[in-house]
Amino acid sequence: AIGVDMFDCVYACRTARFGTAITSRGNISLGRKQYAKDKGPLDEDCSCKTCKNHTRAYLHTIAGKDANAATLMSYHNIAYLLNLTRGCRAALRESRFPEYCREFMFKYHQEDEARYPQWACDAFASVNITIKKSQ
């Protein structure tokens, strides 16, 4: 909504190298103990090979110890960003981009509008998109 030029070409892989996965419900840091026994995929809404074949617990176990973890998470992060972009493109074609933005923000911030960063609210408002359902 405020410019595709904000994509960082190294974001997906750099983030993965530091043990973070980009998901539809926010970023997760796999180095945290809470993922040690988590048998779920990185992102339940993702159908990439990493999400289909590896659990958060497995990636937690190898994160920081095995270069494969960074590769698997890079693969996922790139797949996530490609799917996000495809969703944007489809929403634009279908003339439902503002709704797509609202849905994205609501899900990404785990259905808690209080978690929305003010800068994001302001940026969307600058292009006439209201992202909070309560507004």
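On a 1 Å grid laid over the protein atoms alone, a pocket is an open set of points with protein on both sides within 12 Å along at least five of seven lines, and its lining residues have an atom within 4 Å of a point. With that in hand, welcome to this predicted model, in which local features need pLDDT of at least 70, side-chain atom pairs count only at pLDDT 80 or more, and totals for chains, interfaces and linings use all residues. Residues are numbered from 1 along each chain as its sequence is written, and side-chain values use heavy atoms, with hydrogens and water left out.

Let us start at the second largest pocket. Its lining is made by Ser24, Asp43, Asp45, Cys46, Ser47, Tyr80, Asn83, Leu84, Tyr100, Glu103, Phe104 and Lys107. Two elements, helix H4 (67-93) and helix H5 (97-108), each give two or more residues to this lining; helices here are DSSP runs of H or I with at least four residues, strands are E runs with at least two, and both are numbered from the N terminus. H5 gives the most, with 4 residues. The space in this pocket comes to about 310 Å³, where the volume is the space filled by probe spheres set on the points, and grid points are joined across faces, edges and corners. By class, the lining has 5 nonpolar, 3 polar and 4 charged residues. In this count Ala, Val, Leu, Ile, Met, Phe, Trp, Tyr, Cys and Pro are nonpolar, Asp, Glu, Lys and Arg are charged, and the others, Gly among them, are polar.

Now for the charged pairs. Side chains of opposite charge can pair when their charged atoms come close. A salt bridge is a side-chain nitrogen of Lys or Arg within 4 Å of a carboxyl oxygen of Asp or Glu, and a search of the whole structure finds 6 of them. One of these joins glutamate 44 and arginine 25, at 3.6 Å from N to O. Glutamate 44 sits in the loop between strand E2 (28-29) and helix H2 (49-53), and arginine 25 in the loop between strand E1 (20-21) and E2, so this pair ties together parts that are 19 residues apart in sequence. Glutamate 44 is exposed, at 53% relative accessibility, while arginine 25 is partly exposed at 32%; buried means under 20% relative accessible area, exposed over 50%, and partly exposed in between (1.4 Å probe, protein chains only).

Another salt bridge links arginine 56 and aspartate 38, whose closest N and O atoms are 3.3 Å apart. Because arginine 56 lies in helix H3 (residues 56-62) and aspartate 38 in the loop between E2 and H2, the pair ties together parts that are 18 residues apart in sequence. Arginine 56 is buried, at 14% relative accessibility, whereas aspartate 38 is partly exposed at 22%.

Helix H5 holds a pair of its own. There, glutamate 99 and arginine 102 form a salt bridge with closest N and O atoms 3.7 Å apart. Being 3 residues apart in H5, these two are separated by about one helical turn. Glutamate 99 is partly exposed at 35% relative accessibility, and arginine 102 is partly exposed at 23%. Elsewhere, salt bridges that share partners join Arg25, Glu44, Asp45 and Lys107 into one network.

Finally, look at alanine 79 in helix H4. Alanine 79 is buried, at 14% relative accessibility. Its C-alpha atom is 25 Å from that of lysine 33, which is 46 residues away along the chain.

Conventions
1 Å grid on protein atoms, 1.4 Å probe; cavity = no way out; pocket = protein on both sides within 12 Å on 5 of 7 lines; lining within 4 Å.
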